[in-house]
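Please read it alongside the sequence and the model shown here.

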Amino acid sequence: MSTTYFITGANRGIGFAIVNSLAENLNNKVIATVRDKSKAVDLLKLAEQNSNIHIIEVDVGDSKSIDTLDDQIQPFTSQIDIFISNAAMGTIISKVLEIPEHEWLNHYKVNTLGPILVLQKLYKYLIKSDIKKIAIISSLAGSFQAPIKTSFNPYGQTKCALNFAVYNLASELQPEGFIVLAIHPGAVLTETALKTFDIFDARNPQIGGALRSIAITPEESATSVLKIVNKATDEINVLGAISWLGVGVTLGIHGTFVAEIITEITTYLDIYALSIKHKKA
Ligand SMILES: NC(=O)c1ccc[n+]([C@@H]2O[C@H](COP(=O)([O-])OP(=O)(O)OC[C@H]3O[C@@H](n4cnc5c(N)ncnc54)[C@H](OP(=O)(O)O)[C@@H]3O)[C@@H](O)[C@H]2O)c1
């Protein structure tokens, strides 16, 4: 039986690595979104080699663009099994008092509202599936327990707001059989992350250096993210959504099965492990 995935921001970074990994299994169908097909050279090449990849265009920061999703999805499928919300931006990192309004709003539109508005469109495709999984790629930067004690705005704030939405979605959609997760993909060596490490270097070389020392490749991150998505069952719904925000609490409440999932996360996502060490210290 085939599984249909829908993933945003698939032309580079972690999103591309996830599509690459999914496409290897011919039982998977992948709807991969990009902002501009003509610039998605690597993904176009991958789709030429793998007929199970279908590329569509959407700007998740633009509701008019999101409105075109139905027309683009319907020729390909009437059902989606797993939604991986991956697209996000982090073009500036600054202090709260120094960020202009348009930057706050752009980041909020893309990182927080984007996944929510896309999900509003995808709901009718996901509800038809027996799998019904929603994996939102978030970030430790949006956690109050993040070990990185430095300004991480506006990106961190928008991921924090996204986590709140995921937490609510997990309980709102649980009665219908959905599994909703927020996943921190690790400190991953992508173009955007490397720029971020440079910014941290300029502020405090220790932070940039620490992130570089635990960084993993997009391929390693994709493997871990897919492992978590595939392993997630209803037992980790709701609190699974905030699993990486409070490992101790989650383990205490949820017992063995969740402990296994958390071990997977800590094993594969280094920065998560770092947050636990930080907590114990
Ligand atoms: N890398 C890390 O260390 C790290 C750590 C924690 C969390 N994350 C999260 O992991 C996810 C992927 O990160 P990454 O490092 O792979 O990022 P990346 O290399 O910067 O890729 C971001 C992807 O999102 C797309 N995107 C950006 N704005 C968009 C918009 N308005 N509409 C549609 N697509 C848009 C980009 O498309 P374009 O090419 O068109 O810009 C690109 O495909 C993000 O959610 C990020 O927050 C990453």
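Helix H5 (residues 101-126) and helix H6 (residues 155-173) pack at an angle of about 20 degrees, and their axes are 8 Å apart. The structure is a predicted model, in which local features need pLDDT of at least 70 and side-chain atom pairs count only at pLDDT 80 or more, while totals for chains, interfaces and linings use all residues. Residues are numbered from 1 along each chain as its sequence is written.

**Packing of H5 and H6**
- Helices here are DSSP runs (H or I, at least four residues), numbered from the N terminus.
- Axes are lines fitted to C-alpha atoms over the stretch in contact, and angles run from 0 to 180 degrees between N-to-C directions.
- At about 20 degrees, H5 is roughly parallel to H6, a term that applies to angles under 35 degrees.
- The crossing of H5 past H6 is right-handed, meaning that the near helix is turned clockwise from the far one by less than a right angle.
- On the H5 side, the contact involves His107, Tyr108, Asn111, Thr112, Pro115 and Ile116, which meet Tyr155, Thr158, Lys159, Ala161, Leu162 and Ala165 of H6; contact requires C-beta atoms, placed from the backbone, within 7 Å.
- The residues of this contact comprise seven nonpolar, four polar and one charged; Ala, Val, Leu, Ile, Met, Phe, Trp, Tyr, Cys and Pro count as nonpolar, Asp, Glu, Lys and Arg as charged, and the others, Gly among them, as polar.

- Among the buried residues of H1 are Gly13, Phe16, Asn20 and Ala23.
- H1 and helix H2 (residues 41-49) pack at about 5 degrees, with axes 11 Å apart, which makes H1 roughly parallel to H2.
- Phe16, Val19, Asn20 and Ala23 of H1 form the contact with Asp42, Leu43 and Leu46 of H2.

**Surroundings of the ligand**
- The ligand is surrounded by 26 residues, of which the closest are Gly9, Gly13, Ala88, Thr190 and Thr192.
- H1 and helix H7 (191-203) each contribute at least two residues to this shell.
- The shell has eleven nonpolar, eleven polar and four charged residues.

**Loop residue Thr217**
- Thr217 lies in the loop between helix H8 (205-214) and helix H9 (218-231).
- Thr217 is partly exposed, with 14 other C-beta atoms within 10 Å.
- Although 204 residues separate Thr217 and Gly13 in sequence, their C-alpha atoms are 9.2 Å apart.

Note on methods
Buried ≥ 20, exposed ≤ 12 C-beta atoms within 10 Å, placed from the backbone. Near = placed C-beta within 6 Å. Parallel < 35°, antiparallel > 145°, perpendicular 65-115°, else oblique. Contact = placed C-beta atoms within 7 Å.
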